[in-house]
Amino acid sequence: MAATTKTNTQLLIDGILTENPIFRLALSMCPAVGISTTVMNGLLLGIAVLFVQVASSCTISIIKNHIHPRIRIPTYTLTIAMWVTVIDLVLGAYFPVAYKAMGIFVKLIVAFAIITMRLEVFACKNAVSKSFWDGVGMGLGFLFAMVTLGFVRELLGMGTLLGHDILGFRPLLYFALPAAGFIVVGLMMGFFNYADIVYNRMKKG
Amino acid sequence: MKNIRPFHVLVGVLLVVVLLLTGCKTRHRFVKKTAFKDTDKIEIVFAGPVDETWAKDVGGYSVYEKPDPDILLKISNVALSPDKTTVTLTFEEPLNRDQPHILTTTEIMSEGKSLGAAVLTVKKLYFGYVLSILIGAMLINNFVFTKYLGLCVFFGTSQKKTTAVGMGVTFTLVIVFACMLSWFLYQYVLKPFNLFFLEIIVFIGLVSLSVQAVDTILRKINPALFKAFGVYLVLVIANCVILAVPLILADNEYNALESFMLALGAGLGFLIALFLMSCVREKLELANVPPTFKGMPIAFVVAGLFALAFLGFSGMSIY
């Protein structure tokens, strides 16, 4: 039970940059590849994940002393499932169009590795406030990654942003195809690695 | 094991048969066969001759696709065969043969007597339909390469052929087990009691239950395999496919056999994807990859190429 010594800001920055769920930890790739075709989709799913991550991190952090270690994984899963049901029903009721576009992925937030992972690694060992900030950081990191992917794919694939025509033509229709998701994510990860290497080199010399 | 008697086995088999039968629609006793003909025709074969005035009346039939009960399909012509046992309905537009169609008739008149109204289901040959679900889930709609699900586990365990095959097989076992459980619970508990909003919680609960069961069994039976998987058996819960399949089953109202085939197809499709990917990644170990692309990024680019190749399957249909 090693509680973290990081400050809240440190936790936030870790979640968004150094431990970004998609580009650095390579977790929860399915939505990153599947529905990052537009900025709007990425934004909505990102907000849903942010909500679920923060809510379940806090819940687990509150009840962490009452969970038997042997049944901790099922407990995490059921907690997440509860919050996903909440967000699923809310989105279905208030944003029916966007909900349809995201299809099965909202329900599948339950199975996103990143949320279970954070509960297992962080929330079950730390105080509520720390878990809250860790959840916010991770959720924002996911949101950031989804919006970036959506930005690249929508701009290059359709020539639009948030549905508004920006370029007036379609540079590379290939990026709007579902199959391009893999390649875009791969290239972005490579870019992040490259930035990391350059940053470390600058720090050294 | 001594206590199991033939009687118990018989009761078990009967239970399964009854469960399977309740999934099917009851058919009208006077109707022998329904089938699709050409692109825009449906053929109904009756057990005996029917009255011409009833049979030729276009208003006597209403046909819709099973998922859209509100949209009635327009019938342009009704033909009766000379022996008066076969009715052929011609539609204004070509029919979508992939969907089961529901055909409702007014009271069937035969030799002046009414034989009651009929609700009939028109489907493609059942065996072919079931097989197409299996092949569809395996190749055409491969969950990894065309639906982009289960990627965390896919990238995590595709480094070596041995792990990939082991993971694929375990996954197939778990998914079939979990899906049959969820199908049963959905059809016999959630649906009758109208508890649809609980489906996520129930399905994920069942999935983690089956994962725990496989975990315990594997730990005892094959410790070597158990050691090789390490954290990834637990991560099967985090594999979206295992949750997506029960949700798809619930949406499409599949019966037991169809559910089994979809689960099996999803598992085998995952196995195929893992195996293909691990073959490439073993070669990649030896290749000279630029340092920024080492590991995950290059794996993603390769998966992108696979996805493009699998795009070639799209639009294919069997039977």
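Modeller: A nonpolar core is a set of buried Ala, Val, Leu, Ile, Met, Phe, Trp, Tyr and Cys residues joined through C-beta atoms within 7 Å. Keep that in mind as we go. The model here is predicted.

Colleague: Which residues touch the most other members of the largest nonpolar core?

Modeller: That core has 114 residues. Those with the most contacts to other members are A:Met29, A:Val110, B:Ile175, B:Val241, B:Leu243, B:Val245 and B:Leu262. Helix H5 (residues 161-190) of chain B supplies the largest share, 11 residues. There is also a second, separate core of 12 residues, with B:Tyr61, B:Val87, B:Leu89 and B:Ile108 among them.

Colleague: Take one member. What is B:Leu262 in contact with, beyond its neighbours within four places in sequence?

Modeller: B:Leu262 meets B:Ile133, B:Ala137, B:Val245, B:Ile248, B:Leu249 and B:Tyr254.

Colleague: Now the interface. How many residues of chain A are in contact with chain B?

Modeller: First, the general idea. Interface size is often quoted as the accessible area lost when the parts come together. Here we count residues instead: 36 of chain A are in contact with 33 of chain B. On the chain A side, the elements giving two or more residues are helix H2 (29-34), helix H4 (72-94), helix H6 (113-123) and helix H8 (180-204). H8(A) gives the most, 11 residues. By class, this side of chain A has 25 nonpolar, nine polar and two charged residues.

Colleague: Is B:Pro297 buried or exposed?

Modeller: The cut-off for buried is 20 or more other C-beta atoms within 10 Å. B:Pro297 has 25, so it is buried. It sits in helix H11 (residues 296-311) of chain B.

Colleague: How do I read spacing along a helix?

Modeller: An α-helix has 3.6 residues a turn, so residues three or four places apart point the same way.

Colleague: And length? What should helix H7 of chain A span?

Modeller: H7(A) covers residues 128-158, 31 residues in all. At 1.5 Å a residue it should span 45 Å, and its end C-alpha atoms are 43 Å apart, which agrees. After H7(A) comes A:Gly159, with a positive phi near 75 degrees.

Colleague: Last, the sheet. In what order do the four strands of the open sheet in chain B run?

Modeller: The order is E4-E3-E7-E10, with antiparallel pairing. The edges are strand E4 (72-73) and strand E10 (118-122), each pairing on one side only. Strand E7 (residues 101-105) and E10(B) share five bridges. As an example, B:Ile102 has B:Thr121 as its bridge partner in E10(B).

How values were computed. Residues numbered from 1 in each chain as written. Chains lettered and ligands numbered in written order. Predicted model: local features only at pLDDT ≥ 70, side-chain atom pairs only at ≥ 80, totals over all residues. Contact = placed C-beta atoms within 7 Å. Nonpolar A, V, L, I, M, F, W, Y, C, P; charged D, E, K, R; others polar. Pairing = 2+ DSSP bridges. Expected span 1.5 Å × (residues − 1).
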